[in-house]
Amino acid sequence: MDAILEMRGITKEFPGVKALNNVNMTVRRGEIRALVGENGAGKSTLMKVLSGVYPHGSYDGEILYNGKPVAFRGIPDSEELGIVIIHQELALVPQMTIAENIFLGNELATRGVIDWNETNRRTAELLAKVGLRESPQTKVGSLGMGKQQLVEIAKALSKKVDLLILDEPTSSLNEHDSDALLQLLASFRDQGMTAILISHKLNELSQVADSVTVLRDGATVAQHDGMLPEDQIIKEMVGRSMDDRYPPRDPQIGEVVMQVRDWTVEDPDRDGRLMVKNAKFDLHRGEVLGIAGLMGAGRTELAMSIFGRSVGKLRSGEVTINGSKVDVSTVPKAIKGGLAYVTEDRKSLGLVLIDTIRRNIPLAHLGGIAAKGVVDSQREAEIARDFRKRLNIRSSSIEQETLNLSGGNQQKVVLAKWLFTNPEILILDEPTRGIDVGAKYEIYTMIRDLAEQGKSIIVISSEMPELLGITDRILVMNEGRLVAELPTAEATQEKIMSIIIRSGHNLTDDQITPEQIEAETPHV
Amino acid sequence: MSDSTQSRPTGDTFGFIRRNIREYGILFALIVIMIFFQIATGGILFRPVNLTNLFLQNSHIVIMAVGMLLVIVAGHIDLSVGSVAAFVGALAALMVVKMGLPIPLVVVLSLMAGAVIGGIQGYWIAYWKIPSFIVTLAGMLVFRGLTMWILQGQNIGPFPREFQMIASGFIPDLFGPDKPNTLSLILGWGAALAILWLAIRNRRRAEANGVADEPFAFFAAKNALIFLALVWMTWALANFRGLPNVFIVMAVLVALYAFVSERMTVGRRIYAIGGNSKAAKLSGINSERVVFLTFVNMGMLAALAGIVVAARLNSATPKAGVGFELDVIAAVFIGGASMAGGVGTVIGAVVGAFIMGVMNNGMSILGIGIDYQQVIKGLVLMAAVIFDVSNKSKS
C-alpha cells in the first residue's frame, strides 16, 4: 500500500477540551478518502493540524507525508508540499475578478509588477480544467455558489497540489452543481490526484469516495479501505444504529390557516427581474408543508418576503391568516400576525453570536420578559433555562456565548427564540443544514411535536429525503414559480426532480402569464 | 461540546477571572493609576480641592461618554460631539448674554437644539445608511464653522452667576453652613448604601437562580472597596465645599444610562443591533429607529456637555470643545467597548473617562509637558486595546 499521508496518534487539546484524542488517519495515493463524523467530532480540527493552521508543537503525534515526517509551522509550509485545503466558507473576494482571486497572494509578478496577460492566460487554462465557462475578467460576486466553488478549486489547482482537502464543498450547492463537482473530483482522481473529502451528505460520499475514516468525539472510530453502506457509516458516526432517521408521525390536519395569493416579488437590484412569480398556496392547521426546489429557485425569497418584506420589492400579493387579510409589511407586523421565520443562515441572520444563549432567546419578543421596558432578569433566566432543557441545548450553561455552540445547538437557540414568540405559523428555512445526524433527529421530533400542538409549519429544504420524511405535502418551486403541489405520500425524489427539470423547459422568460404557468404545470 | 445540565460551578475562581478579566482589569488599572499619582504627586491627587477639580474638569467627558458608549455599542461613531458642544455652548451664550432669556428656558432650548442636531445626523445614518463616520465628520466641520459664525470669532461672556453655578456650583447645605456639608454627606453616603444594597440584592437573586459565578471573595472585596471609596470621597468633599452640582448631574446620568443599557429592552435592542444588525432586524427590532434615537440622545448629551463647559469657562469661545470627541471616544474604548459594536458597558466607559481624567490631572500636577501627556495617553489607549485583542484571541 502506497500511503501519501499517515497521521499517527494526533492529540490536540484546547483549554478544558480534548478536541482530538490519539487520532489516526491514512490516505492512499490516488484515492478519494471520505472523512466523516458528527459536528464537533474533530474533522475540521484534524484538517487544521494537517494544513499547519495549528503549527507543529501545538499537538502531539506525528504526520508522515510521502513517508517522511513533516513539521508544518503554517499554511505556506503545507502548501509548498502540495497540500491544499478548501474551506467550507469560501474565501473569495466578490469585488475582484476570477483571475484576481485565483492569483491573490500568489500573483504572477516580477518585482511587484503584475503580468496581467500571463495571469489571464493561466486563469483561462485553469477554468477549462474545472469546466467553468466564464471569462477570467468576470467578477466573482456575480457568479452563483456552484461556480464560485469551481473558482475555489481552480485556485487550488493554480498551486502545485498533490493532496486536495475539501471541507463540505457541496453544502451550499444544488444537486446539479453538486453532481458536477463530484464528477470533476473523480476525474482529478483518475489523473492521479489524492483528495480528502469531508461531507455530511453520505449519498454523495458513496458516489465518489474510495475509502472512509470515521471520527467520533475526537477519536478515530474506524478506517475502511472501501466504502460502506450509508446505514453502517451512520451507525459508526453516532455510535448507535439509526433505524429510523425520521420520527414516526400521525398528522391531524385541520382547517386552512394561511392563504397566500398572487405573491410576486421583484429583485430590487436588478430591474424587472422577478424573484417570486404569482405564488399561491394554502397552509392548514397541524400541517407540515415542504417546499422543494433547487438553490436559487426563490424559496427563501418567497418566505422572507412574506415575513415582513425582508427581501425584494413586493409587486403584488396578499396574505390571509384565519380568514382575514393580514398586513405583513414589516417584521414586527408579521410577528404580530403569528408568523415566525427561522433563517437558513443562522450565523449571520439568526443569532447575535457574541451574546449568550440567555440574551439571544428573548430577542424577538422582548416584551415577554419585560414590564414597562424594564427587563425582568429572573424571568429571562427562567425562560432560557426552560428552553435549554426542553430543546436539549448542549452547553455549559445559559450564559454560554452562542458563538461557541455547535451548529445543531445554535439552530436550537434560534428555534427557541422563535418558539418564545408563540407563533401560529413557523417557516423553517433549511432547518438542518450543516448539523449532525443526532441533532437532526431532535429537530425533526420538534417539528412533529409542534404540528401535533396545532401549529402550522413550512419547511424549506434542499435535502429531498428530509422533505419526504417529515412533511405532509410538498410544493415544488422552480425559477420563482410554484410549479407543482403533491401529497408527500405520493412523492418520490425522482418525481420531484423530473417536475423541476420539466418546468424549467422553455420557461426562461420572466414575462409569463398565469395561463402559461397553468399549462406548463405538470399535474401529478 | 460538554453535556452538562448544571450551571457553572460557583467556586471556579480562575475561570471567572479569565472570563471577566476585562472588567476587573480596567478597574484595577484605575486603582493602580490613582495610587501611582497619589505617591508621585506627594499626596496632592487625593486632596479634597484636587478631587473636586478632578470632577469639575472631567464632567463633560463623562457626560458624553455615556452617550458615546451607546453609539459605539450600536456599531457607529460620532465625531461631531466636540463641535456640537461648542455650537450649543455658543447658542446658549447668545440666548443668555445677548438676549437675556431666563436660564432654565435656555437650558431646555439648548438641550432641544442638541437633540435636533443629533436627530438630523441620525436620520442620514439610520434611514439612508450613510456611514456614521462620514455624516458626523461632516457634522464636525459644519458645527465648528457655525460656532465661529455665531460668535463672529469673538468670545461671548461673562455669564450671570446662576449660569456659572451649573458647572462650578456646589449643592447647598439645608442644615446650616457648618462643615461638613450635611446634605452632601446624606446624598453621598445614601448613594453608597444604595449601591451596596443593590449589589447584595442582585447577588442573592443570582444565588437563588444558581447563576452566581463571581466568587464570594471577589464580590465582597469589590463592593467593600466601592463602598469605602464612596464613603471616604463624600467625607472629603463634604469637608471641603460639598458635592459639586455637576457631580450630581454626572452620577444621575451614569446610574440612568447603566440602568437603560443593562436592564431595559431598548438597551437590549442597541446591543443586538451592534452585535448583528441583520439578525436584530429579522427579530422584529426597528433598528433604524433605535439608531436614530441613539444619535438624538448623543446630540442632547453633547449639548449638556456644551452648557457645562461654557459655564465652567464662563464664556463661549470658538475654540471650545476642540478634540473632545477624541477624548470621549478614547474613554469608551479604554472602557472595553469594541469598534465592531455590540460590546461595552456604561460603567466601563465611565471608568475609562476617569483613567484619562486622572492621568491628565496627575501629569499636570507633576508638570509634565502637554507633548508628553499626549504621547502617554495615546500609548495607554493602544495598550488597552492590545490587551483586549490579545485577550480575545487567547479564548
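The legends below accompany several close-up views of a predicted model.

**View 1. Helix α8 of chain A and its buried face.**
Helix α8(A) covers residues 230-238, and its buried residues are Ile233(A), Ile234(A), Glu236(A) and Met237(A). Looking down the axis of α8(A), you will find these buried residues within an arc of 165 degrees, so they line one face of the helix. An α-helix has 3.6 residues a turn, so residues three or four places apart point the same way. Just past the end of α8(A), look for Gly239(A), which has a positive phi of about 75 degrees.

**View 2. The packing partners of α8(A).**
What do the buried residues of α8(A) pack against? Their partners in chain A are the strands β3 (32-36), β11 (211-216) and β12 (219-224), together with the helices α7 (202-208) and α15 (437-452).

**View 3. An open sheet that includes β3(A).**
Here six strands of chain A follow the order β6-β9-β10-β3-β11-β12 in an open sheet with mixed pairing. At the edges stand β6 (83-86) and β12 of chain A; each has a single partner strand, so one side of each is left without a neighbour in the sheet. On average, and ignoring direction, neighbouring strands of this sheet are turned by 15 degrees against each other. For a closer look, follow β3(A) and β10(A) (residues 194-198), which pair in the parallel sense over four bridges. Within this region, Leu35(A) has Ile198(A) of β10(A) as its bridge partner.

**View 4. An open sheet that includes β18(A).**
This open sheet of chain A, also with mixed pairing, has six strands in the order β18-β21-β22-β15-β23-β24. Its edges are β18 (339-342) and β24 (481-487) of chain A, each with a single partner strand, so one side of each is left without a neighbour in the sheet. β18(A) pairs with β21(A) (residues 425-429) in the parallel sense over four bridges, and Ala340(A) stands opposite Leu426(A) in β21(A).

**View 5. Helix α15(A) across its strands.**
Helix α15(A) lies across β15 (288-293), β21 and β22 (456-460) of chain A. Relative to β22(A), α15(A) runs at about 150 degrees. Buried residues of α8(A) also pack against α15(A).

**View 6. Where chain A meets chain B.**
In this view, 31 residues of chain A are in contact with 26 residues of chain B. The elements of chain A that give two or more residues to the side touching chain B are α10 (331-336), α11 (346-350), β20 (374-375) and α13 (377-390). On that side of chain A, the residues divide into 17 nonpolar, ten polar and four charged.

Note on methods
Residues numbered from 1 in each chain as written. Chains lettered and ligands numbered in written order. Predicted model: local features only at pLDDT ≥ 70, side-chain atom pairs only at ≥ 80, totals over all residues. Buried ≥ 20, exposed ≤ 12 C-beta atoms within 10 Å, placed from the backbone. Arc of directions from axis to C-beta. Contact = placed C-beta atoms within 7 Å. Pairing = 2+ DSSP bridges. Axes fitted to C-alpha atoms, helices over the stretch in contact; angles between N-to-C directions. Nonpolar A, V, L, I, M, F, W, Y, C, P; charged D, E, K, R; others polar.
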